[in-house]
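Welcome, and thanks for taking a look at this one with us.

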Amino acid sequence: MAGDLGWRVGPDGGRPQGRTCAHIELLSAPEPLLPSVSARPVGCADCLSRGWSWVRLRRCVTCGHVGCCDSSRGRHAHDHHVRSGHPVVLSLASDEDWAWCFIDEVFLVPSGHDGSGRGGRQPR
């Protein structure tokens, strides 16, 4: 998948150009936890345990934890980052092709990607 292409900081109209990410190498690790068709999660386990719904899912690149996005009631992907310190999540939405670094507050997109795959969705 996109992990073979490498990653770069994506454009973000609301932030200055030239930003960097100190954690981008997590996406290029030998066995990154990138989504695969056979490993699609059922949903956000934290939301499921509470009977809540979610908007979109994010996967922690460090440990594989799947949580819901900031537009969801539980914001469990962000909560996981706060509790664990793991910096990067990958969007699992089929119409999104990006990752987000909570620490550096930047979108990460596959190299050669124009950044338009965010589809106007809220990062995280």
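Strands S5 and S6 run antiparallel and are joined by 3 bridges. Please keep in mind that this is a predicted model.

**The S5–S6 hairpin**
- Cys101 has Val106 of S6 as its bridge partner.
- The hairpin of S5 and S6 has 4 residues between the strands, and Glu105 takes a positive phi near 55° there.
- Strand S6 (106–110) is mostly covered, with 5 of its 5 residues buried.

**A closer look at Glu105**
- You will find Glu105 in the loop that links strand S5 (99–101) to strand S6 (106–110).
- With a relative accessible area of 33%, Glu105 is partly exposed, because that value falls between the 20% limit for buried and the 50% limit for exposed.
- Apart from neighbours within four places in sequence, Glu105 is in contact with Arg15, Arg19 and Trp100.
- Cys21 is 84 residues from Glu105 in sequence, yet their C-alpha atoms are 8.3 Å apart in space.

**Pairing beyond the hairpin**
- On another side of the pairing pattern, strand S1 (residues 7–9) runs antiparallel to S6, with 3 bridges joining the two.
- Within that pairing, Arg8 stands opposite Val109 in S6.
- S5 is also joined to S4 by 3 bridges, and these two strands run antiparallel.
- Here Val88 stands opposite Cys101 in S5, the residue whose bridge partner in S6 is Val106.
- S4 pairs in the antiparallel sense with strand S2 (residues 57–60) as well, over 3 bridges.
- Arg58 has Ser91 as its bridge partner in S4.

**Strand S4, covered on both faces**
- In strand S4 (residues 88–91), Val88 and Leu90 lie on one side and are buried.

- How many disulfides does the structure hold? The number is 0.
- Cys60 is in no disulfide, and its nearest cysteine sulfur, that of Cys63, is 3.8 Å away.
- Cys60 is buried, with a relative accessible area of 1%.

Methods. Residues are numbered from 1 along each chain as its sequence is written. This is a predicted model: local features need pLDDT of at least 70, side-chain atom pairs count only at pLDDT 80 or more; totals for chains, interfaces and linings use all residues. Side-chain values use heavy atoms; hydrogens and water are left out. Buried means under 20% relative accessible area, exposed over 50%, partly exposed in between (1.4 Å probe, protein chains only). Contact means heavy atoms within 4.5 Å. Two strands pair if DSSP finds at least two bridges between them. A disulfide is a pair of cysteine sulfur atoms within 2.5 Å.
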